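Okay, thanks for coming, everyone. Let me put today's structure up on the screen and talk you through a few spots.

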Amino acid sequence: MKKVLGALLLGATIVSAFIAYSMYTNHSAKQTAAIEQKQAAEKAEKKTEKKKKPVLKVEDLTYQLKDSRTGQVMKEFKPVHYKDKDIYDQEIKQLASELAKGIDTPMQNIKMDANGSLTGGSKQIILKEAELVKNLQNLNTKQLDVKVPIYETAPNVTAASAQGIADVSLASYSTRFRPSDTGRNRNVQLSAEAINNVVLGPGDSFSYNQTVGERTAERGYQPAPEIINKQLVMGIGGGICQTSSTLFNAIDSAGLQVTARSHHSKHVGYVPPGRDATVSWGGPDFKFTNNKDYPVIIKAYANVNTGVLTVDVRTSQHAI
């Protein structure tokens, strides 16, 4: 009897243990399944959130165009046509051109007064349009500041470097005009005075229009014949092209670098064919650069009595 009761008790214990184990494993499995389900749900939720998050595009952003010298914002720019290369390139080139018009300032050359002192002069300011266009072609979503490349160049002349600058002639050129053409002669005389005693240091640039200025009656310029579209017509300042052409021949003989020159639409009599330099306010300009490693001075003389205009390019003895 004891053996039977012991067997029954053992069996009951085994059954109880099995039931307890089954309950535990079922509970653990449910727990594990719940955890895995929760993790899957969280993963799915994150994936959904990631899909919903907007992707930044260059064309949706607003960029600040900043002056490279000061860091100040010059303009805000939204590149709405960034994906359309042809339209976008045209747009940013136009933008660069418009900004440059408000920035670009020609160099105002230094002059030497009657006492041999240097006077005037102001720096050249240039917005590099091609460089700005390149910056705008390479926008990204992480950097919203765009550098507007602006460069300044001051006249490269000092009192020390200009010592004895008029001592030696590098080249001289003369042209003739009729003393009886009083209006035209006055224009030649005024334009010669404007370029007289201009001093150019190494690398300095010269603009005839900038130096002479606008030719107006208020500034003393007279009506005189000038060539327009192969025709002689009366205009304020007629004759100033003789000064620019004489200047061209002098600086060319001196070996300075011509950077801009245009011909008249018909031959002029005061210089050989092809040796002229026509100019007009708001139109063609005559420009050159002093490519020497020493400064030079422009001397211009218009003798209205003898009808001779002379331009002389000079420098100091020790410079050469």
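Buried here means under 20% relative accessible area, with exposed over 50% and partly exposed in between, using a 1.4 Å probe on protein chains only. Helices are DSSP runs of H or I with at least four residues, strands are E runs of at least two, and both are numbered from the N terminus.

Quick caveats: this is a predicted model, where local features need pLDDT of at least 70 and side-chain atom pairs count only at pLDDT 80 or more, while totals for chains, interfaces and linings use all residues. Numbering starts from 1 along each chain as its sequence is written, and side-chain values use heavy atoms, leaving out hydrogens and water.

Back to α4: among its buried residues are R184, N187 and L190. Just after the helix, N197 takes a positive phi of about 70°.

Now, where is V157? V157 sits in the loop between β7 (150-153) and β8 (168-176). V157 counts as buried because its relative accessibility is 10%. Its contacts (heavy atoms within 4.5 Å), not counting residues up to four places away in sequence, include I110, L118 and L200. V157 and L200 are 43 residues apart in sequence, yet 7.0 Å apart in space, C-alpha to C-alpha.

Last stop: three strands make an open, antiparallel sheet, ordered β10-β14-β13. Pairing needs at least two DSSP bridges between two strands. S205 stands opposite T289 in β14.
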